[in-house]
Amino acid sequence: MIRCGMIGFGMIFDDTYRPVFEAGVSVPLYSSATGPVAVTLAAVASRTGARAARYLATHAGRRVPFKNFSGPNAIAELLECGVDAVCVATPDDRHFEAARAAIVAGKHVLIEKPSVLDLRQLDELSRLAAEHGVLAKVVYHKLADPDHKKLRTLYQDGVLSHVNSGYCSLLEPKSISGGQFAEWIAGRNPATYVAVHYLKLIDFSFGPNWALDRISATGQRGLVGPADGLTWDSVQLQVVYRHPDAREAAFDIHTSWVTPDNFPGFVEQEVQFRFDNAVWSAHQRKRGVELTVENRTPGELKNTPNYHYNGTFLEPWGERSQRGYGIEVIERFFKEVAFVEYGVLADARADRLAQMRSLTYNDITADRNCVAIVQALEAILARAVAGVPGCVVKVNGPAGGLVLYEPGSAEPLVLYEGRV
Ligand SMILES: NC(=O)c1ccc[n+]([C@@H]2O[C@H](COP(=O)([O-])OP(=O)(O)OC[C@H]3O[C@@H](n4cnc5c(N)ncnc54)[C@H](O)[C@@H]3O)[C@@H](O)[C@H]2O)c1
């Protein structure tokens, strides 16, 4: 059995973790390497505990009882109550401390994206995970989307050759910035939170035989907060990679959390990637289904829903289920933990741990480029707030691993000295 602790019990818990734990009540995970392994939600730590208390009161029968910790000592109490693995789903600037404490306590850890906000934090978590013999992984569900798996397969097989450029757009509704995230949004931006989905897709699908070269960004303010304030409405990020043949590839990633709430798809997501011999265009929600229900779309039900990510179904064989790649990717983490702790085919736990740590789709040691871009982005936006827009961050140049250059200034600002 894997007893799981959940740190953070908000929107994403409800979307993707809850279905995993609710299914785990009746159906254990299974693989031939481990046999059946049950996964249960044993404890929750959150700021107020109110949402978890509501869930405990209303979902009897679909869950096993769990301990509900809240307040300043909640995380420490959760770590002392006998959990084996911990999922961190707090706001993105609160991942590091929670993940660090869990790893030091010897727990396997799954962190929501973005894993952490700078490379020093990533170095520390990677070092501690190795020292304490546990997995430290990050959730990037877009890698499990069948369309993205095919994109990567075609690229890795050489059908799509040499990516040159691309754009990705992910636009969230105003209700996210104005309601859902209102408690922690001050000083934050939508790119750190959602551009990482596409940063990882690009880095993982078209790498690893290329080098991240530089990052630039700009954005808009004035709706979520004051026009000269710290909080961003929308961000346009550009990242440039260099192929081994010295040709460059550039990607523009546009994000927002101020799209109108009645936008038909709720979250608008599309991509285009251009290759020497091909173009790949994809729309996250326009996959064929278009639905209109009087008085229920586009609010409660979506006009162009993406049931591949996450959907509730009446299965042909009569069961009710909730599934999709957003849920599958969480289950995968528990299968990896089960393999480490209960695998019978490989000899030693250390070998099984090494095997699972080598999975670059989710191991935090393989998250360096994404975290580097996030760190650079945050620094560029902070300089813009301070009255210096238009900075560029150069990666692995002569002055250091991550170095910020301001327009008109010859003085570099080293953000990270080591190699990215
Ligand atoms: N994979 C995805 O598509 C996806 C979607 C949404 C959010 N996320 C990620 O999930 C994380 C949480 O997002 P959300 O939408 O659930 O946010 P949310 O605001 O709905 O919930 C945040 C939760 O964290 C808790 N929390 C805040 N500070 C805490 C602290 N110091 N200690 C313990 N608990 C604390 C709050 O009580 C709340 O339960 C973020 O990192 C976000 O990037 C991922």
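1. Q220 has S234 in β11 as its bridge partner. The two strands concerned, β10 (residues 211-220) and β11 (residues 234-242), pair in the antiparallel sense over 9 bridges. Strands count as paired if DSSP finds at least two bridges between them. Helices (H or I, at least four residues) and strands (E, at least two) are DSSP runs, numbered from the N terminus. The model is predicted: local features need pLDDT of at least 70 and side-chain atom pairs count only at pLDDT 80 or more, while totals for chains, interfaces and linings use all residues. Residue numbers start from 1 along each chain as its sequence is written.

2. β11 also pairs with β12 (residues 248-259), antiparallel and over 9 bridges. Within this pair L237 stands opposite I253 of β12. The hairpin of β11 and β12 has 5 residues between the strands, and A246 takes a positive phi there, near 80°. A246 is exposed, with 6 other C-beta atoms within 10 Å. On this count a residue is buried if 20 or more other C-beta atoms lie within 10 Å of its own, exposed if 12 or fewer, and partly exposed in between, with C-beta atoms placed from the backbone.

3. These strands belong to an open sheet of 9 strands with mixed pairing, in the order β14-β13-β9-β12-β11-β10-β17-β18-β19. β14 (279-283) and β19 (413-416) stand at the edges with a single partner strand each, so one side of each has no neighbour in the sheet. On average, neighbouring strands of the sheet are turned by 15° against each other, direction ignored. β17 (residues 392-397) and β18 (residues 400-405) run antiparallel and are joined by 5 bridges. G397 has G400 in β18 as its bridge partner.

4. Helix α11 (residues 368-385) lies across β10, β11, β17, β18 and β19, and runs at about 40° to β10. For such angles, axes are lines fitted to C-alpha atoms, for helices over the stretch in contact, and the angles run from 0 to 180 degrees between N-to-C directions. Residues are in contact if their C-beta atoms, placed from the backbone, lie within 7 Å.

5. The chain is divided into domain 1 (2-141 + 319-358) and domain 2 (146-308), with bounds from an automatic or database domain assignment. Their centres, taken over C-alpha atoms, are separated by 26 Å. The contact takes 9 residues from domain 1 and 9 residues from domain 2. On the domain 1 side, 6 nonpolar, 1 polar and 2 charged residues touch domain 2. In these classes Ala, Val, Leu, Ile, Met, Phe, Trp, Tyr, Cys and Pro are nonpolar, Asp, Glu, Lys and Arg are charged, and the others, Gly among them, are polar.

6. In helix α4 (residues 95-104), the buried residues are H95, F96, A98, A99, A102 and I103. They pack against β1 (2-7), α3, β6 (85-88), β7 (108-111), α5 (119-132) and β8 (136-138).

7. Helices α6 (residues 146-156) and α8 (residues 190-206) pack at an angle of about 30°, with axes 9 Å apart. From α6, H148, L151, R152 and Y155 meet L201, F204, S205 and F206 in α8. This contact has 5 nonpolar, 2 polar and 1 charged residues.

8. Most residues other than glycine have a negative phi, and most peptide bonds are trans. The K113 to P114 bond is cis, with omega near -15°, and P114 is in the loop between β7 and α5. The G207 to P208 bond is also cis, with omega near 5°; P208 lies in the loop between α8 and β10. N295 has a positive phi near 65° and is in the loop between β14 and β15.

How values were computed: Contact = placed C-beta atoms within 7 Å.
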